[in-house]
Amino acid sequence: MARKRGKRGQFQRFYKGLLRWVFLLFFASSMLLFALILIFRFVDPPTWSWKLQRELNPPVNQSIVSKHEWWDLQYIPPAMQLAVVAAEDQNYPRHMGIDFNAVQQVLKEAERGRALRGASTLTQQTVKNLFLWQRRDWSRKLLEGGLALVLEVLWGKRRILEVYLNIVEFGPGVYGVAAASEYWYQLPLDQISHNQMARLAALLPNPWRYRAEPPTPYVSERAVWIEQQMDRLGYVWLLPVTGG
């Protein structure tokens with residue numbers, strides 16, 4: 001009987017020790033992530049999770065040479081900013097990281113038998129590209145949503161949009177709007193047309209599948225729709241984000 005109690009006590013001590021180490025690991029990871037978020041509020045990220053994963057584990061039969069050029073938001077043409085917002089997250093100035101109306105609409109469509117589509121905001125996409133992994137699962141979505149709220153509070157809309165426009169992928173290993181303009185059009189970003197900017201924004205659902213130049217039929221049609229949405233929203237739509 002004493003031997004059984006001894007074994008049970010050893011197991012309990014082991015279990016408590018394991019829980020303590022798990023808690024400490026979780027706490028340390030959370031503090032590190034929080035510190036990175038604070039640092040990247042003021043310092044442009046030298047690399048990010050999505051880029052590293054692409055380089056370490058590229059798709060089959062694809063070699064990647066990363067292309068990237070950082071442009072501060074004040075130098076990115078307002079039309080390029082508006083094109084991305086119109087294409088990816090028209091409610092960006094209004095929500096706090098998660099667009100609950102879009103999530104509800106997606107769930108209703110799923111109930112009616114339609115294919116499940118994404119409802120990620122620009123903030124959530126920034127979190128995913130910067131910190132998280134590629135595979136879709138519920139744990140990633142939960143982290144994505146929670147960190148999106150943190151980014152909205154600590155960074156603000158302007159910084160989130162700036163980082164997103166500079167790290168999102170526009171082609172195999174092509175990151176950011178400035179590198180995308182040079183890659184697809186061989187022109188600086190401030191020298192391309194509104195239609196060319198809309199074509200870049202049209203690539204975002206799948207930059208490995210679509211082309212901006214020459215554009216695929218999908219990209220051409222999508223770009224026309226994006227330009228229509230830009231006209232409908234107007235540049236005033238982004239004033240709460242950019243501050244003028």
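This is a predicted model: local features need pLDDT of at least 70, side-chain atom pairs count only at pLDDT 80 or more; totals for chains, interfaces and linings use all residues.
The largest nonpolar core has 60 residues. Within that core, Met80, Leu200 and Ile226 have the most contacts. Helix H3, residues 78–88, supplies the largest share of the core, with 8 residues. For background, nonpolar side chains in soluble globular proteins tend to be buried together.

Take Leu200 as an example. What does Leu200 touch, if we skip residues up to four places away in sequence? The list is Met80, Phe170, Val177, Ala180, Ser181, Trp184, Tyr185, Ile192 and Ala212.

Next, the charged pairs. Side chains of opposite charge can pair when their charged atoms come close. How many salt bridges are there by the rule used here? The count is 8. I'll go through three of them and then a network.

While we are at H2, its buried residues are Ser49, Trp50, Lys51 and Arg54. They pack against helix H5, residues 122–131, as well as S2 and strand S3, residues 174–175. Trp50 also has a charge on its face: Lys128 lies over the ring, 5.2 Å from the ring centre.

The next salt bridge is between Lys141 and Glu144, with the closest N and O atoms 3.0 Å apart. Here both partners belong to helix H6, residues 138–154, and they are 3 residues apart, about one turn of the helix. The general point is that an α-helix has 3.6 residues a turn, so residues three or four places apart point the same way. Lys141 has 30% relative accessibility and so counts as partly exposed. Glu144 has 1% and therefore counts as buried.

Then there is Glu213 with Arg199, whose side chains meet at 2.6 Å, N to O. Glu213 sits in the loop between helix H9 (194–202) and helix H10 (217–233), while Arg199 sits in H9 itself, so the bridge ties together parts 14 residues apart in sequence. Glu213 is partly exposed, with a relative accessible area of 37%. Arg199, at 11%, counts as buried.

Now the network. Asp44, Arg159 and Glu162 are joined by salt bridges that share partners. Arg159 has another neighbour to mention: its charged end sits over the ring of Trp155, 5.9 Å from the ring centre.

On to aromatic pairs, of which the structure holds 4. One of them is Trp48 with Tyr175, an edge-to-face pair with 5.6 Å between centres and 80° between planes. Trp48 is in the loop between helix H1 (2–42) and H2, and Tyr175 is in strand S3, so the pair ties together parts 127 residues apart in sequence. Both Trp48 and Tyr175 are buried.

Why is the pair of Tyr183 and Trp184 called edge-to-face? The ring centres are 4.9 Å apart and the planes meet at 85°, so it falls in that class, the cut-off being over 60 degrees. Tyr183 is partly exposed, at 30% relative accessibility.

His95 is in the loop between H3 and helix H4, residues 100–111. At 7% relative accessibility, His95 counts as buried. Its side chain reaches the backbone nitrogen of Gly97 at 2.9 Å. Beyond four places in sequence, His95 is in contact with Asp89, Thr121, Thr123, Glu152 and Lys157.

Lys157 belongs to helix H7, residues 157–167, and is buried at 14% relative accessibility. Setting aside sequence neighbours within four places, Lys157 contacts Tyr92, Pro93, His95, Gly97, Glu152 and Val241. Lys157 and Pro240 are 83 residues apart in sequence, and their C-alpha atoms are 8.4 Å apart in space.

Methods: Residues are numbered from 1 along each chain as its sequence is written. Side-chain values use heavy atoms; hydrogens and water are left out. A nonpolar core is a set of buried Ala, Val, Leu, Ile, Met, Phe, Trp, Tyr and Cys residues joined through side-chain atoms within 4.5 Å. Buried means under 20% relative accessible area, exposed over 50%, partly exposed in between (1.4 Å probe, protein chains only). Helices (H or I, at least four residues) and strands (E, at least two) are DSSP runs, numbered from the N terminus. Contact means heavy atoms within 4.5 Å. A salt bridge is a side-chain nitrogen of Lys or Arg within 4 Å of a carboxyl oxygen of Asp or Glu. Rings of Phe, Tyr and Trp (its six-membered ring) pair if their centres lie within 6.5 Å; planes under 30 degrees apart count as stacked, over 60 as edge-to-face and the rest as tilted. A charge sits over a ring if NZ of Lys or CZ of Arg is within 6 Å of the ring centre and within 35 degrees of the ring normal. A polar contact is a pair of N or O atoms within 3.5 Å; within protein, one must be able to donate a hydrogen and the other to accept it, and residues adjacent in sequence count only if both atoms are side-chain atoms.
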